[in-house]
Amino acid sequence: MAKDELMNYEQALAQFEVVIGLEVHVELNTKTKMFCGCKNEFGNEPNTNVCPICIGLPGSLPAVNKRAVESSISIGLALGCQIAPTGRFARKNYFYPDLAKNFQTSQYDEPIAFEGALEVEVPSGNKFNVLIERAHMEEDAGKLTHVGGATGRIQGAEYSLVDYNRAGVPLVEIVTKPVFGAGAEAPELAAAYVRSIRDIVRALNVSDARMERGNVRCDANVSLRPHGSEKLGTRTETKNVNSLRSIERAVRYEIQRQAAILAKGGSIIQETRHWHEDRGITSSGRPKSDADDYRYFPEPDLVPVQPSIEWIESLRAALPENPAERRRRLAADWGFSELEFRDVVNAGLLDQIEETVAAGAKPQSARKWWGGELARVANAEDKDVTELSITPAQVAELASLVEGGKINDRLAREVLTYVLAGEGSPAEVVAARGLEVVSDDGALIAAIDAALASQPDVLDAIREGRMQAAGAVIGAVMKAMKGSADAARVRELLIEKANA
Amino acid sequence: MSDLIRKNASELVELLNSKQVSSVEVTQAHIDRTNAVDADVHSYLHVSPESALATAAEIDRKRAAGEPLHPLAGLPIAVKDNLTTTDAPTTSGSKILEGWVPQYDATVVAKLRAAGMPILGKTNLDEFAMGSSTEFSAFGPSHNPWDLDRIPGGSGGGSSSAVASFQAPLAIGSDTGGSIRFPAAVTGTVGTKPTYGAVSRYGLIALASSLDQIGPVSRNVLDAALLQDVIAGYDKHDSTSLPESLGSMVEAAKKMDVKGLRIGVIKELTGAGFQPGVQARFNESLTLLQNAGAEIVEVSCPSFEYAIAAYYLILPAEASSNLAKFDSVRFGLRVTPEGNPTIERVMAATREAGFGPEVKRRIILGTYALSSGYYDAYYGSAQKVRTLIQRDFDAAFAKADVLVSPTAPTTAFKLGEKLEDPLAMYLNDIATIPANLAGIPGMSIPNGLAEEDGLPVGIQLLAPAREDARLYQVGAALEKMHEDVWGKRMIDFAPELEVK
């Protein structure tokens, strides 16, 4: 649908209630795969981490990775789920060349975790309680590369290559119940929910949780219904939304697209849709009806997983702090304004600031550097701020250099550039490049005198108490000394001179 | 023909261990026998004389050097062609795997190699073990050494006929609904289906995962015990394998005592529908057992009436999924159709050309039984029947230590006789299927010859799960009684084959 055919967002919300549902796949960071001993590693040569089991050779059998079960239970517990005392695997049967056995070993009617809830805060500060239906274990498929087509899609490709390195990588699929009542904030809620899941699995250290690598993947279900209607509308499932920003955009797009169709009296086709980041649209994938027949049946090659109560409780005891509780604690500790704190949360900077504060920085300084210059650099380079090559300890060091007067803000930004370029820690960069502020009075007085020569009235103004006049001289000194002057000292010297 | 080949495995073991014969001699004698008779019998799909002799020579060298050896070291064996072997093709009797040489050894094969047992070759079977006669082998049927116009039983007719025609002292079989026991019955040999999980299925090309079990094929009970003790045991690669040891079958086979044992006759598996000669021999064995001090009791298993129906839902359901991996992508046959060879068309063409009629029949049945809307009525009901059959056995074993029945309703039928009548073929397994559905162990031993046709009859012994030892105890004792009555081993009544 062309952008101009979409219904205006506010109008769509005025006419329809938005219902979303989210399926998040989390790739676990276990050493080995779900059902075999092959390495679970990203980025190796294609088809090097494979064995008879994960490429489905005749006669091979799966054996469950205990660590993957443990991670799945931890995720379930962190989402407030109940853990099933006995859980079976099931086979989901369908033919696809990336699926070595032509069935996926998954869980169907007996997921390991079920009935949980997650409190999610959206940028406005509104909080939503998202109900979790289930979290279940399954294996990932291999990766297909379609060669010769225009768009990398299977349609029109000359041939396709299969890499089974990813086949059998353990996944946990977390499925929400339908989420009602988010209204205009549904897109933000979808993104915030996925961020929360990402934060939780990262805090649990059960996943690398890098969305750009597909460690956390989201399928977003969207449906609309007239306000007041009891019956759920037909939903679409948008796949391939690989960043928080695209989740938000994709949900918003689907709301506007579906609203336009429904308003014209059309009906929504139940289907999967693909999100196109470049064009900002979704396109029709394959039809997906409830009659999709995967012929699920209990996996006869595996015995049920029966975690003992002791095991579950030991995992519960080892859970890290709940991210929502942690936010409350940090908000109290740091003393930011509500708006400042929300910005920090929305920018995903909690970890960085907490570690920077732990390294000795003041909370406000940590916030200033991560939320300011570093966020700007990350944004310009299209990276996550956590991917910048600077550590919280280095940011703390930078802040202390500024606070100690060794460098000023302008120099600090310059120092950051060199730190990010790999030239060493802030102190090392300052020393190596001689970037300290000049507070040598002789050099400063010479520069002040030079500046006063063209603005002789300034001293009189200062004597009369009009301190703002000093600014022009300080500025001129800074300019002459290419920013390396200690501005505070310049001001002091200027006042001394006026009162001499 | 060399005397060596007629000897029981236990006798050959003694000769080998006392260095009266070499493994090369024993192995060569069996290779010679195969060269002489297998053109008519067609037990083997593939023979490996070079690697068998190489193993034999290696064992002889080790024995001469006084190195510690497994008791069965040097004793040659035949392996059913649905177990993976790295040094020989593994076809499972199907065109779809023709020429495929696996990248890994089945656990059982690895155990045979570790014991130093030369592998003579891979034996014929109905395609993917689907059949009771070997007539569904894509490579032509095997023949019954007692009468070459008759079937050797199936699916393991290659193993049974190899042992019955003295081409191997021992063989490995697999039993999903009687594929070890029925061939044993009609060829005058011994075959055991151990308790489900007693022997690792890793590397067994799956027919129905919840029913399949690997077991020994031999000419007497002690020999089967020797082999079961080699192949049994927990395997981390098979989650369904039993963690605990079931004890020594050899010791049980040496007890030769049935005094005080309660032998239960299954009411539903006698009388009408059983060939008169089969029934007569069965009744005689009951008298023999009673005379030896066993107590004969009658038990009733009313749910057996539904066993075949349930079996022919569960088996095809699991098989339809297990056989999905045969899609041409990673191994085996690939048929590229004319025109645009999309992956779907290549998969379809390969499966169309590669699978035989019985395999297609069962894939369609199973796919149907698992389909949404039919699952509860078919697969679900079949699982309930399975539970009822287990309860029948529980009740029966409360009254009896071992249950007995004829192994099959008839002696060996003629090749072609039931080929066009799947239901008649399926009914053959009426007595053997319940053990697979319940996971309990079963054994067929020779039970004399039927008067009307002079062909061998089998008697089936059944024991509770994990009580395989009882089968060997009663089986060996009954076998001795038969030999006393008939004056020699049952196999010695078999007519001489024409040697070429």
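On a 1 Å grid over the protein atoms alone, a cavity is a set of points where a 1.4 Å probe fits but cannot get out, a pocket is an open set with protein on both sides within 12 Å along at least five of seven lines, and lining residues have an atom within 4 Å of a point. The structure is a predicted model, in which local features need pLDDT of at least 70 and side-chain atom pairs count only at pLDDT 80 or more, while totals for chains, interfaces and linings use all residues. Residues are numbered from 1 along each chain as its sequence is written, chains are lettered from A and ligands numbered from 1 in the order in which they are written, and side-chain values use heavy atoms, with hydrogens and water left out.

Six cavities of 30 Å³ or more were found; grid points are joined across faces, edges and corners, and a volume is the space filled by probe spheres set on the points. The largest cavity holds about 270 Å³. It is lined by 30 residues, of which A:I53, A:S60, A:K101, A:F103 and B:K325 are the closest to its centre. This lining comprises 16 nonpolar, six polar and eight charged residues, where Ala, Val, Leu, Ile, Met, Phe, Trp, Tyr, Cys and Pro count as nonpolar, Asp, Glu, Lys and Arg as charged, and the others, Gly among them, as polar.

The second largest cavity has a volume of about 90 Å³. Its lining includes B:G188, B:R219 and B:P446, together with B:E479, B:H482, B:E483, B:K488, B:R489, B:M490 and B:I491. Five of these lining residues are charged, three nonpolar and two polar. Helix 16 of chain B (residues 468-486) gives the most to this lining, with three residues; helices (H or I, at least four residues) and strands (E, at least two) are DSSP runs numbered from the N terminus.

Chain A is divided into domain 1 (3-315), domain 2 (321-433) and domain 3 (441-499), with bounds from an automatic or database domain assignment. The centres of domain 2 and domain 3 of chain A, taken over C-alpha atoms, are separated by 32 Å.

The second largest pocket contains about 1100 Å³ of space. Among its 34 lining residues, A:R198, A:S243, A:L244, A:K383 and A:D384 are the closest to its centre. Because domain 1 and domain 2 of chain A both give residues to the lining, this pocket lies between them. Helix 3 (186-204), helix 4 (244-263) and helix 9 (363-380) of chain A each supply at least two lining residues, and helix 3 of chain A gives the most, with six. By class, the lining of the pocket has 14 charged, 12 nonpolar and eight polar residues.

In the loop between helix 9 and helix 10 (392-403) of chain A lies A:D382. This residue is not a glycine, yet has a positive phi of about 60°. In chain B, the peptide bond from B:G154 to B:S155 is cis, with omega near 5°. B:S155 is located in the loop between strand 3 (119-123) and helix 5 (157-164) of chain B.

An open, antiparallel sheet of three strands in chain A has the order 4-3-14; two strands pair if DSSP finds at least two bridges between them. Strand 4 (103-106) and strand 14 (297-298) of chain A each have a single partner strand, so one side of each is left without a neighbour in the sheet. Four bridges join strand 3 (residues 90-93) and strand 4 of chain A, with A:R91 facing A:T105 as its bridge partner.
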